[in-house]
Amino acid sequence: MDDVRLPKHKEKIGYRGNSYAVETEYDSLLNRVSVRLFKNRRLVCSRSIRIKDVQLEKSTDRKEIEKIKEKIAYYHREEYALLISLFELSQKLKLNGDGPAHHSLGLVFLGRELLEEAKEEFLLALIKTPTYSPVYNHLGIVYLKLGMIEESIKNFQTALKISPDFADYHHNLGTAFLEKKSYLEAEKEFQEALKFNPRYQEVYLNLGFSCLERGGIEGDISNETILKEALDNFKKAYQFGYKKDLRMEELLQKAFTWEDLSRIYMLLKSLLTEGSSWEIKSLCDYFRLRFKYDPKVVEKKEVEDYLLQLSQEIVEGKNYPDLRHGLALAYIFYSRYILKLAEKQFQNLMQLSREKDRGVTNLTVSQELGRKVEAWLEEFHMET
Amino acid sequence: MQTEEQLKVEKKFNQETKDSRLLVEKYPLSIISSLALYFNSKGTPEKAINLLVSALEKWPEEPELYDQLVFLANKAGKPKEAEEKLLEAQTFYPENPLVCGSLGKHYFLEKNFTSAKNLLEKSVMLNPEDGANHLFSALSSLAIQREDKGINLSELPELQQIEKDLQRSKELNPEIVTDDFLKGKELLTQNNYSEAFKYLEKSLNSYLNKKIEFTMFYQLFFSFYMEPEKFDLEKLKKFIQELEKKLSLSLSSEKELNHLGCCYILFFINLIKSSEEQLEKALILDPEFEGARKTMGFLEKMKTEMLPLIDSLRF
């Protein structure tokens, strides 16, 4: 690899007094491409993409190296284009966006850890749809990330007032209490969340953590009841998680002390974070918005990449209903491009007079289908 | 009184006719056409003929079915069925070039060259853009002329017409051109008419075989309609890629251009199907998922309006 020069890509954009930068480079140790997003020179979010089936440092094939260089450049362009289109969408929504659209855009910003931008969108969403509980929930998350715990608790509580049956809201409120070190209140909320979703692994993890913290504060870290309670919760968190790990199973069998359990907590947390669906879910929101507000600008290749990414995430275990829904919508949107291709072939066929009749019939079919899909999408977007 | 064997044959025939009618009621025209090719590929051309005869009762104004009937009936050694239908059609559509052309082709294959020539000439006059008609017409003329032994054709206008027809068929239908076709043309210029006829007839036969081949294109549509559980999306994608590649190299014929368009439509339907499958899975995971329910509702409405349109595709 000595003679291989892999470029580090860097691009900047200024938006409403802030400067944003995207940096992309190859990490030879991990064989991954790392895409980082900076705001005002501070790292806000980073994404690591595995380069499949290639060990670049071992590769001597120049063509292969060139291919990887192209891939790195592609990931960089993709992230940069996404950032620009997010700002463009934000402008567009100010003119004609509804509450759920601002909410979705807020989620995409939140997925990129652009908290101020997310907050702004959520607040706009609340102006347009003041009783839409998910917005309060996500605004609560933003405040929690910004360290504004009281604001965060207030928002989670409002969300629960509107929709008291949501496990997520109880869990998030519990997390805010955990942050505030109000362990009993936190545990109460976690228990509430489990009533609605008894397989909620993050809740078990946080419940276990709360027990450990409580034990620590009470100065009784050898209290068997507390340790057993924490261990039971960790076991459940592991049981309901889709990632399995032999080392973790051994640890869960042998754990006795507070230190053992703290270690388990850290490992479990990293296992769950590894499988976090936050990023892909925010990508779903982003595309849903673009399908609605930017349908003519979205390129075929973008949708193909999105479809591929979504399918991979599902195959790798993120079998969530909203990802499946996202995939379903993407298939429908993608079908427009395929109809256009069909239309083009039939137009060409029509020009060859010998096949004119056939060309006319088939062109009519493809055009009519195209019209129906467009009308359907328009109607769908009006209603959702 | 009929023998037991005769009764058995009649019963089988009646059943097959009934089955054919059911198929014709159930499936669109293009699929019936694919189905006929499927039956032929499975070694049951008589089923294909029954099906096409039933199809022509439903769609008597679809002249392309007549060509298919002629070629399949010829392969199955059952030319009478084709002739009967064609004569019937001719009384209704005497000026239809495709009906004239099919009947001409039928007479040619039956070696009734004079009738073939008259009908094919009429068909060419009514529709000069059909390359296959030009080839059949040239061969009919050649067959008649070579029978008049001792005449030197080279000075006669007939030969010039034959050469013109061959040239037109080549221009209009490049897939007709094979080594045999070129050799036949060469022999013609050397006034070796009998040998020329043999080679040109060989190229015509290979064209006919291609016309009734149950190709990957037909297999894909057949599978989609008849055996949807076995439909292979990857095969479709691969086939589309092959056609796209051919098209980018300007190697594709008009037929392939149409096939590519139809394959895109098939791919489109499969995308809608995939979308539906994902929604079903989402709703299994969360039966209360309002968004997925709404999308499913829209999709069902869309499918109801879409399917009749797709059925009217013409291969």
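Modeller: Two residues are in contact if their C-beta atoms, placed from the backbone, lie within 7 Å. Helices (DSSP runs of H or I, at least four residues) and strands (runs of E, at least two) are numbered from the N terminus. The model is a predicted one, in which local features need pLDDT of at least 70 and side-chain atom pairs count only at pLDDT 80 or more, while totals for chains, interfaces and linings use all residues. Residues are numbered from 1 along each chain as its sequence is written, and chains are lettered from A and ligands numbered from 1 in the order in which they are written.

The pair is α5(B) and α6(B). From α5(B), the residues P79(B), A82(B), E83(B), L86(B), A89(B) and Q90(B) meet V99(B), S102(B), L103(B) and H106(B) of α6(B). By class, this contact holds 6 nonpolar, 3 polar and 1 charged residues; Ala, Val, Leu, Ile, Met, Phe, Trp, Tyr, Cys and Pro count as nonpolar, Asp, Glu, Lys and Arg as charged, and the others, Gly among them, as polar.

Helix α5 of chain B covers residues 79-92 and helix α6 of chain B residues 97-109; they pack at an angle of about 150°, with axes 10 Å apart. Axes are lines fitted to C-alpha atoms, for helices over the stretch in contact, and angles run from 0 to 180 degrees between N-to-C directions. α5(B) and α6(B) are therefore roughly antiparallel, a label for angles over 145 degrees. Their crossing is left-handed, that is, the near helix is turned anticlockwise from the far one by less than a right angle.

Chain B as a whole has 15 helices and 0 strands. Its C-alpha atoms fill a box of roughly 90 × 65 × 30 Å along the principal axes. Of its 315 residues, 40% count as buried (20 or more other C-beta atoms within 10 Å of the residue's own, with C-beta atoms placed from the backbone). Among contacts in chain B between residues at least 6 apart in sequence, 57% join residues at least 24 apart.

As for the assembly, 37 residues of chain B are in contact with 34 residues of chain A. On the chain A side, the elements giving two or more residues are α14 (321-351) and α15 (356-383), and α14(A) gives the most, with 18 residues. That side of chain A divides into 18 nonpolar, 10 polar and 6 charged residues.

Methods:
Angles under 35 degrees count as roughly parallel, over 145 as roughly antiparallel, 65 to 115 as roughly perpendicular and the rest as oblique. A residue is buried if 20 or more other C-beta atoms lie within 10 Å of its own, exposed if 12 or fewer, and partly exposed in between; C-beta atoms are placed from the backbone.
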